[in-house]
Amino acid sequence: PWAFDAFKYLKVTDYGDLDFIPGNPQDLNREIEQHADAIISAGTCMLSVGGDHYVALPLLRAHAKHYGKMALVHFDAHTDTYPNDTEIDHGSMFYRAPQEGLIDTSRSVQVGIRTEYDHADHAFQVINADQANEQSAQAVIDAIKARVGDTPAYLSFDIDCLDPAFAPGTGTPVVGGLSTSRALQILRGIADLNIVGFDVVEVAPAYDHAEITALAGASLALEFLYIKASRG
């Protein structure tokens, strides 16, 4: 869909992996934030690949040091705003992040949600999976742009935003999600947002079939590189 080769315009490197010592995951939290801070400080942009979605929290901490309070554009089946006493939890990152002043909920949007949340107290705008599927892709794009505006935005894509038909290899699949095509259309449509960081998370190869989920995750990551290249 892109009329150019992104790698003619981008310098890309695989920085490597971070892992944790079993029984001491707190060290990984610090390492993610420290390494992300070093990468961003070098004037570069991060594309992070999970793993567990909780990694978005230390990544947001590092990005906020450089960009201040950001908008969050979050693709997921779940809101991940569930209260929890521990910061190492893949369902509470976006409960903690606003409390820490990392993201501005009034500029943030969640796309593809199809699990329970408290509508009355939910500060994020939600475009649920039915809306994202039944509206035109352009309507979804317009809603995201209207919410985010020119605020620096962090884009977090949990692979379970996609329907299990398109991404079976994940830990918490929920039926009724987006197709890969619809998700890619929406990403291309928001390419002109000020996206400062991006993660793709929750791909679980052990649960995958015919590498369907791995291909979806890799394609989403590649799409982000094209988004960055399209902005010069």
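Colleague: With which residue does Glu-100 form a salt bridge whose closest N and O atoms are 4.0 Å apart?
Modeller: This is a predicted model, where local features need pLDDT of at least 70 and side-chain atom pairs count only at pLDDT 80 or more, while totals for chains, interfaces and linings use all residues. Residues are numbered from 1 along each chain as its sequence is written, and side-chain values use heavy atoms, with hydrogens and water left out. A salt bridge is a side-chain nitrogen of Lys or Arg within 4 Å of a carboxyl oxygen of Asp or Glu. The partner of Glu-100, with those closest N and O atoms 4.0 Å apart, is Arg-96.

Colleague: How many residues apart in sequence are the parts tied together by Lys-145 and Asp-192?
Modeller: The side chains of Lys-145 and Asp-192 meet in a salt bridge at 3.3 Å, N to O. Lys-145 lies in helix H5 (residues 137–148), and Asp-192 in the loop between H6 and E6, so the parts they tie together are separated in sequence by 47 residues.

Colleague: Where is the space in the largest pocket, and which helix gives the most residues to its lining?
Modeller: A pocket is an open set of points on a 1 Å grid over the protein atoms alone, where a 1.4 Å probe fits, with protein on both sides within 12 Å along at least five of seven lines; lining residues have an atom within 4 Å of a point. There are 34 of these residues, and Gly-16, Met-46, Leu-47, Ser-48 and Val-49 lie nearest the centre. Helix H1 (26–41), strand E1 (46–49) and helix H7 (212–230) each give two or more residues. With 5 residues, the helix that gives the most is H1.

Colleague: What span does H7 reach from its first C-alpha to its last?
Modeller: Buried residues of H7 include Leu-220, Phe-224 and Ile-227, and what covers the buried ones includes E1, strand E5 (153–158), helix H6 (180–189) and strand E6 (195–201). The expected span of a helix is 1.5 Å times one less than its number of residues. H7 has 19 residues, and its reach, close to the expected value, is 27 Å.

Colleague: What relative accessibility does Ser-92 have?
Modeller: Ser-92 is found in the loop between strand E2 (71–75) and H3. Leaving aside residues up to four places away in sequence, Ser-92 touches Asp-80, Tyr-82, Asn-84 and Thr-86, where contact means heavy atoms within 4.5 Å. Ser-92 counts as buried because its relative accessibility is 0%.

Definitions and conventions: Helix = DSSP H or I, 4+ residues; strand = E, 2+ residues; numbered from the N terminus. Buried < 20%, exposed > 50% of the residue type's maximum accessible area, 1.4 Å probe, protein only.
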